[in-house]
Amino acid sequence: MLTKLEQAKEEWGGTLSIIDNWLEARQECVVLYCQLAGLPPYQTSERSLPEQKKITKFCQLLLDYASTGHFEVYEQIIAQCKLDGVENLKIAQELYSRITTTTDTALNFNDKYAENASDKALLDFDKDLSELGQIMEGRFEREDQLLEVVHLHHTLA
């Protein structure tokens with residue numbers, strides 16, 4: 001996830017400050033995800049659940065990231081694609097529709113873990129975090145494709 005994020009930042013960074021900020025927020029989310037999941041370089045020798053404070057922070061970052069995408073970035077991209085032609089708009093709308101299906105997973109994760117998750121809920125934490133990671137990785141790929149639709153049109157035009 002981090003490697004793909006760096007590629008996205010290199011390719012689309014500097015084009016619009018909103019996209020730069022959004023990609024920075026994605027990076028914060030991915031780093032905190034890796035910490036929660038104990039992925040390299042954040043693995044520890046002992047297995048334990050992360051502190052609730054860290055889980056809550058991750059949930060806040062995740063929702064902020066998703067909200068910025070939905071209410072700021074995607075709207076601008078769709079608006080630009082409308083100007084670029086029917087084919088670009090069609091591609092962008094299809095990608096957007098596939099991205100929005102991932103939002104429910106993020107919202108459900110937030111609802112379950114953001115504030116004082118129950119001991120019963122925490123039994124599922126690793127499984128739910130792993131599922132969320134897979135869903136979000138797919139979302140990031142589609143978001144990058146959405147950025148590519150706009151970027152390609154403007155570099156070829």
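User: Which residues in α3 meet which in α4?
Analyst: In this predicted model, His70, Tyr74, Ile78, Cys81, Lys82 and Asp84 of α3 meet Asn88, Leu89, Ala92, Gln93, Tyr96, Ile99 and Thr100 of α4. Contact means heavy atoms within 4.5 Å. Helices are DSSP runs (H or I, at least four residues), numbered from the N terminus.

User: How do the residues of that contact divide?
Analyst: Seven are nonpolar, four polar and two charged. Ala, Val, Leu, Ile, Met, Phe, Trp, Tyr, Cys and Pro count as nonpolar, Asp, Glu, Lys and Arg as charged, and the others, Gly among them, as polar.

User: At what angle do α3 and α4 pack?
Analyst: Helix α3 (residues 52–84) and helix α4 (residues 86–100) pack at about 160°, and their axes are 8 Å apart. The two are therefore roughly antiparallel (over 145 degrees). Axes are lines fitted to C-alpha atoms over the stretch in contact, and angles run from 0 to 180 degrees between N-to-C directions.

User: How far is Gln76 from Ile18?
Analyst: They lie 58 residues apart in sequence and 9.7 Å apart in space, C-alpha to C-alpha.

User: And how many helices does the chain have?
Analyst: The protein chain has seven helices and zero strands. Of its 157 residues, 40% count as buried.

User: What should I know about the numbering and the model?
Analyst: Residues are numbered from 1 along each chain as its sequence is written. Local features need pLDDT of at least 70, side-chain atom pairs count only at pLDDT 80 or more, totals for chains, interfaces and linings use all residues, and side-chain values use heavy atoms, leaving out hydrogens and water.

Terms used. Buried < 20%, exposed > 50% of the residue type's maximum accessible area, 1.4 Å probe, protein only. Parallel < 35°, antiparallel > 145°, perpendicular 65-115°, else oblique.
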